[in-house]
Amino acid sequence: MDFERSEDQVALAEGVARLCAGRFPLESVRVAEGRPTVADGKGWAELGEAGVFALRVSDADGGLGLGLAEAAVVFEELGRALVPGPLVASSLAAGLVPGAADGSVMVGAVRRPAGPGPILIEDLGAVDVLIVVDDGAGELRLVERGAVTGAPLQRSLDPLTPMWRVEALPEGDLVGGEEDQTRWGRDGNVLTGALGVGLALATMEMTVAYARTREQFGRAIGSFQAVKHLCADMLVRAESARAAVEAAAVTVDQPGVGDPVRAAAGAALLGCEAAQANARSCIQVHGGMGFTWEVPAHLYLMRAQVLAGSLPSPADLAAVVADRY
Amino acid sequence: MDLRYSEAEEAFRSGLRAWLAGAVPSLPPKPPANDWPARRAYDTGWQGMLHQAGYAGIDWPVEGGGLGASPVEQLIYVEELERAHAPYVGVNFVGLLHAGPTIAVEGTAGQRARFLPPILRGEEVWCQGFSEPDAGSDLASLRCRAVRDGDDYVLSGSKIWTSHAEVADYCEILVRTGPEDSRHRGITWLMMPMDLPGIEIRPLRTMAGSTEFAELFLDGVRVPVGNRVGEENDGWRVTMVTLSFERGTAFVGELLQSMELLRSLRDVVVAVGGSGAPGLLGRIGHLGAELDAQWAVTRRNVSQAARTGVPGIGGSVFKLAFSELRQRLAQLGLEVCGRAGLVWDELAGGPWSAAEGGPGNGELVDTWVNGFSRTIAAGTSQIQRNIVAERILGLPKG
Ligand SMILES: Cc1cc2nc3c(=O)[nH]c(=O)nc-3n(C[C@H](O)[C@H](O)[C@H](O)COP(=O)(O)OP(=O)(O)OC[C@H]3O[C@@H](n4cnc5c(N)ncnc54)[C@H](O)[C@@H]3O)c2cc1C
């Protein structure tokens, strides 16, 4: 048993962090704020080239043959860098949808709603195809972008995740049965939790850096205990969620070490919660600056909301854990 | 990241599990909670059994007569003990987890030979005299004086919150040997026999009603200089050495027990049903996710200790998160047993009752009340947050 990252896993995280810093610096990502299409095919292809989506595809099929553990490590970095686009869907679709693995096809996803109500889809303007996840029927269906009529909403909560409204979802072609749909939910929970952990670490680092330098009453605000304790709680939340997410990923990869479904539900729950709570503290510690558009604290908060919105509700995730405890 | 155990680790586990399967049922019935002499006899009896079976001091360094087990084996050890519902270190937690390992590394050959075997055999019990009425979180301000007189140190002052002092044979005590304001630089670590003249032990009742700890009054107590571990005025460093033995496994038993308790609360809530059930199950699921996360943190700490010798930042993360988590778990437990949570007496008459296979209302009350100490003892949560913020996040001292 050695739950520390291997040298390869450490190198992988560093590589992805470098790629993000070079290709997706926040200043340039922010240029697309508020547009109906944010993620772009070129950036996507670069992520694909770097192997971000093909990590778990077998060597024989042209992938890297790695596990969900490596994918989680990579997704923490993507979350930390606030990389926009349907990362989780495209990664889960690698192997199911041709072109998803190398990033030449951008895959989005939506849950088929159980009842009436507006259907909102993230990044619809950018994606090439959609996976419709039907939890009720236990199916994954593929819908071509052209077969969907939708319009961008005027203002999306996350300026970097444009939401589109669709009147009706076509039937689509069956690409996965119950096993694939279960896997989609479980692994999606882990990867979404990993993005959340990345967000939580980013806001923690941003907050600590600010608390060290901003001065009031003649000293750094980080020397005040009320601020210190907010920061300490951010670390506890992020590190607890990180351990939960990575353990869930390893539990999927290594049969017999635990219940992967329970671990994945818990990982999603804690990963998103850490992202949301840390973003709130980040805003608070930045004072008035934290409430500005300029300081990106709100972008992390809104992305955390998007992640939470892509998952089953916290109550449903908790129910899975309770049921399988 | 690998959560599978090696063949050697699995072999260690199955050997231990087989021995526990025979040993645990042969134990006498548990003594009453507040009968400390009986509890001492029970706990030291168990330690004797461990010693005979070759499982004593598994986490101690070899030079102290321990087995020098790896952090992973240590984790397996605590995990198996909890799984078998075996006693853990009990009244001698100071001897087994603090004083013993410190003597093993910092003591002279003679001190090791004299003091370590009786701890491992379950013959001598230790307590810890660190805190004082005016020195709690700010331990370095301690004032209990020790003045050199020939071959003795003469001690005067007082100590407080000394767990199990009444049944202890020795006390690892921190005393002021330097000038009054010398703080960390003027503290010495001594081994004080508890039967010396001049020691008065005044038991203190905890809010759980138990006389688990005591106040010590020292008036001209003569401790031989030969009982000093480390140099004079070097006691702070000696104390810190103990901390380096902490591999993140100290609360593993309580963590696993919390998971079991949560499972049994879930079963009670499902059995009772009703309109409140979904809300309670939501909280149970959330607590479950948090407990799983701390189990993951624990395995990370142990892995880090195996690589570097110390559990790194994870120790503080675990202490802070788990102590508060345990309190919320106990709060939920009390709600589940309703009005039966107003008494310590174990009652029958509900799915929560021990008689019907539930956790037991009295047990839940006990967990709830004692849970309050977890965010105070061994560094309060506020102090832990200061440590995390200053030492891990690098924020300036206040
Ligand atoms: C069950 C139990 C068993 C114990 N066993 C032992 C034992 O065997 N041997 C032993 O030596 N000691 C023992 N202790 C003592 C324990 O270590 C102290 O209680 C603890 O360190 C706190 O010290 P204090 O009680 O003096 O509280 P104080 O230090 O007076 O703290 C009071 C409050 O002030 C807060 N506070 C203090 N300083 C700060 C600060 N700088 N910033 C923010 N908040 C602060 C604390 O968090 C706390 O809420 C035991 C305690 C308990 C509860």
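These are my notebook entries on a predicted model with chains A and B.

**Entry: the A–B interface**

I began with the contact between the two chains. I counted 47 residues from chain A and 50 residues from chain B in this contact. Together the chains bury about 4,100 Å² between them, and I noted that 63% of this area is on carbon and sulfur atoms. Met1(A), Glu4(A) and Tyr325(A) account for 23% of the area that chain A buries against chain B, more than any other three residues.

Next I looked up the polar side of the same interface. I found 28 residue pairs in polar contact between chain A and chain B, both residues being at pLDDT 80 or more. I also found 6 salt bridges across the interface. In one pairing between the chains, the side chains of Asp292(B) and Arg262(A) meet in a salt bridge at 2.8 Å, N to O.

I asked myself which elements of chain A supply at least two residues each to the side that touches chain B. I listed α4 (68–80), α6 (178–213), β9 (219–220), α7 (225–253), α8 (260–285) and α11 (314–324) of chain A. The largest share comes from α7(A), with 17 residues. Sorted by class, the side of chain A that touches chain B has 23 nonpolar, 10 polar and 14 charged residues.

**Entry: salt bridges**

I searched the whole structure and wrote down 50 salt bridges over all chains. Side chains of opposite charge can pair when their charged atoms come close. I picked out several cases.

One set is a network. Salt bridges link Glu4(A), Arg5(A), Glu76(A), Glu239(A), Arg242(A), Glu246(A) and Arg300(B). I met Glu4(A) above, among the residues named for the area that chain A buries against chain B.

In chain B I looked up the pair Arg17(B) and Glu80(B), whose side chains form a salt bridge at 2.8 Å, N to O. What does this pair tie together? Arg17(B) lies in helix α1 (residues 7–23) of chain B and Glu80(B) in helix α3 (residues 71–83) of chain B, so the pair ties together parts that are 63 residues apart in sequence. Arg17(B) is partly exposed, at 39% relative accessible area. Glu80(B) is buried, at 1% relative accessibility.

I also looked at Asp134(B) and Arg143(B). They form a salt bridge in which the closest N and O atoms are 2.9 Å apart. Asp134(B) is exposed, at 58% relative accessibility, and Arg143(B) is exposed at 52%.

A further pair is Glu200(B) with Arg202(B), where the closest N and O atoms of the salt bridge are 3.7 Å apart. I put Glu200(B) down as partly exposed, with a relative accessible area of 40%, and Arg202(B) as partly exposed, at 42%.

**Entry: domains of chain B**

I looked up the domain assignment of chain B. It gives domain 1 (7–125), domain 2 (128–232) and domain 3 (251–392). I took domain 1 and domain 3 as my pair, and I found their centres, taken over C-alpha atoms, to be 24 Å apart. Their contact takes 7 residues from domain 1 of chain B and 11 residues from domain 3 of chain B.

Domain 1 of chain B and domain 3 of chain B bury about 750 Å² between them, with 80% of it on carbon and sulfur atoms. Pro71(B), Leu75(B) and Glu82(B) lose the most area in domain 1, together 62% of what that side buries.

How many salt bridges are there between domain 1 of chain B and domain 3 of chain B? I counted 0. By class, the side of domain 1 of chain B that touches domain 3 of chain B has 4 nonpolar, 1 polar and 2 charged residues.

**Entry: Gly85(A)**

Last I looked up one residue of chain A. Gly85(A) sits in the loop between α4 and α5 (87–93) of chain A. Is Gly85(A) buried or exposed? Gly85(A) is buried, with a relative accessible area of 18%; that falls under the 20% cut-off for buried.

Leaving aside neighbours within four places in sequence, I found Gly85(A) in contact with Ala39(A), Trp44(A) and Asp123(A). I also noted the separation of Gly85(A) and Ala318(A): 233 residues in sequence and 27 Å in space, C-alpha to C-alpha.

Terms used: Residues are numbered from 1 along each chain as its sequence is written. Chains are lettered from A and ligands numbered from 1 in the order in which they are written. This is a predicted model: local features need pLDDT of at least 70, side-chain atom pairs count only at pLDDT 80 or more; totals for chains, interfaces and linings use all residues. Side-chain values use heavy atoms; hydrogens and water are left out. Domain bounds come from an automatic or database domain assignment. Contact means heavy atoms within 4.5 Å. Buried area is the accessible area (1.4 Å probe) that two parts lose on being put together, summed over both. A salt bridge is a side-chain nitrogen of Lys or Arg within 4 Å of a carboxyl oxygen of Asp or Glu. Ala, Val, Leu, Ile, Met, Phe, Trp, Tyr, Cys and Pro count as nonpolar, Asp, Glu, Lys and Arg as charged, and the others, Gly among them, as polar. Helices (H or I, at least four residues) and strands (E, at least two) are DSSP runs, numbered from the N terminus. Buried means under 20% relative accessible area, exposed over 50%, partly exposed in between (1.4 Å probe, protein chains only). A polar contact is a pair of N or O atoms within 3.5 Å; within protein, one must be able to donate a hydrogen and the other to accept it, and residues adjacent in sequence count only if both atoms are side-chain atoms.
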